[in-house]
Amino acid sequence: MILYPAIDLKAGQCVRLEQGDMARATVFNADPAAQARAFAEAGFSWVHVVDLDGAFAGRPVNAAAVGAILESIQIPVQLGGGIRNMATIEAWLERGVARVVIGTAAIKDPELVREAARAFPGRIAVGLDAKDGFIAVEGWAEDSDATVLDTARRFEDAGVAAIIYTDIGRDGLLKGLNIGATAALARAISIPVIASGGLASLDDVHRLLSDEGAGIKGAIAGRALYDGRLDPAQALALVGVTAAA
């Protein structure tokens with residue numbers, strides 16, 4: 001089980017949204033690179049970064065902030081938001097991003113996922129963000145008629161490194177992960193599944209590690225870390241990672 005602390009970027013700052021609503025943003029740190037260092041020093045083995053403005057614009061917007069993060073830490077960075085073509089994928093991987101997350105383009109241009117996964121084995125993930133089981137795109141501003149399971153199965157033979165499943169209805173609200181739906185997805189496909197949206201406390205980590213969360217390979221933690229509801233040392237100890245001194 002890998003815990004991914006989240007850094008969501010809006011106007012160059014580290015924020016958290018409620019249910020993906022850009023009008024409901026709380027700024028937690030004006031220096032994303034410093035936040036990334038804090039996560040690395042706490043003992044996390046990855047950082048999950050989202051260019052929120054990029055997700056709406058369809059192209060990278062917070063490139064300077066992402067670059068500062070990449071320069072500030074040695075642990076791998078997983079990046080999503082506004083990654084819609086091969087040129088952008090290649091550019092980020094060349095700059096040092098360990099894994100890119102393709103969301104909207106996975107629905108609108110699934111061949112891009114296949115092409116990228118062939119070109120960059122182990123470095124392409126698919127982000128499936130859903131409301132009531134149906135995927136939302138364009139920074140969650142548009143709904144689609146694609147279901148999470150059908151879409152995930154479409155990439156079974158593509159060679160993607162992971163599926164990141166976000167329950168939009170819980171994201172940023174500290175309601176707890178939708179472990180039932182995420183575990184069901186993990187059991188239905190062979191691609192590793194990462195849970196996202198609503199992780200609220202150490203109880204969620206316990207649930208992930210129980211039979212209830214069987215098959216889930218990772219989870220993204222955001223607001224609970226910033227609010228102090230999830231202690232990094234306790235969470236990392238629970239998943240078997242020794243936190244940094």
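Here are some questions and answers about the structure shown above.

Me: What kind of model is this, and from which number are residues counted along each chain?
Reply: This is a predicted model, in which local features need pLDDT of at least 70 and side-chain atom pairs count only at pLDDT 80 or more, while totals for chains, interfaces and linings use all residues. Side-chain values use heavy atoms, with hydrogens and water left out, and along each chain, as its sequence is written, residues are numbered from 1.

Me: How many helices and strands are there in the chain?
Reply: Helices (H or I, at least four residues) and strands (E, at least two) are DSSP runs, numbered from the N terminus. Counted this way, the chain has eleven helices and twelve strands.

Me: What radius of gyration does the chain have?
Reply: The radius of gyration is taken over C-alpha atoms, and the globule rule is 2.2 Å times the number of residues to the power 0.38. For 245 residues, a compact globule would have a value near 18 Å, and the chain agrees with this at 16 Å.

Me: What percentage of the 245 residues in the chain is buried?
Reply: Buried means under 20% relative accessible area, exposed means over 50%, and partly exposed is in between (1.4 Å probe, protein chains only). L52 in helix α2 (residues 52-57) is a buried residue, with a relative accessible area of 10%. Across the 245 residues of the chain, the buried share is 55%.

Me: Which residue forms a salt bridge with R114?
Reply: A salt bridge is a side-chain nitrogen of Lys or Arg within 4 Å of a carboxyl oxygen of Asp or Glu. The structure holds six salt bridges. In the one formed by R114, the closest N and O atoms are 2.9 Å apart, and the partner is D157.

Me: How many residues apart in sequence are the parts that R114 and D157 tie together?
Reply: R114 counts as buried at 19% relative accessibility, whereas D157 counts as exposed at 62%. R114 lies in helix α6 (residues 110-119) and D157 in the loop between α7 (148-154) and β10 (162-167), so the pair ties together parts whose separation in sequence is 43 residues.

Me: How far apart are the C-alpha atoms of V241 and Q13, and what separates them along the chain?
Reply: V241 is found in the segment after α11 (232-238), and counts as partly exposed at 30% relative accessibility. Along the chain, V241 and Q13 are 228 residues apart, and their C-alpha atoms are separated by 28 Å.
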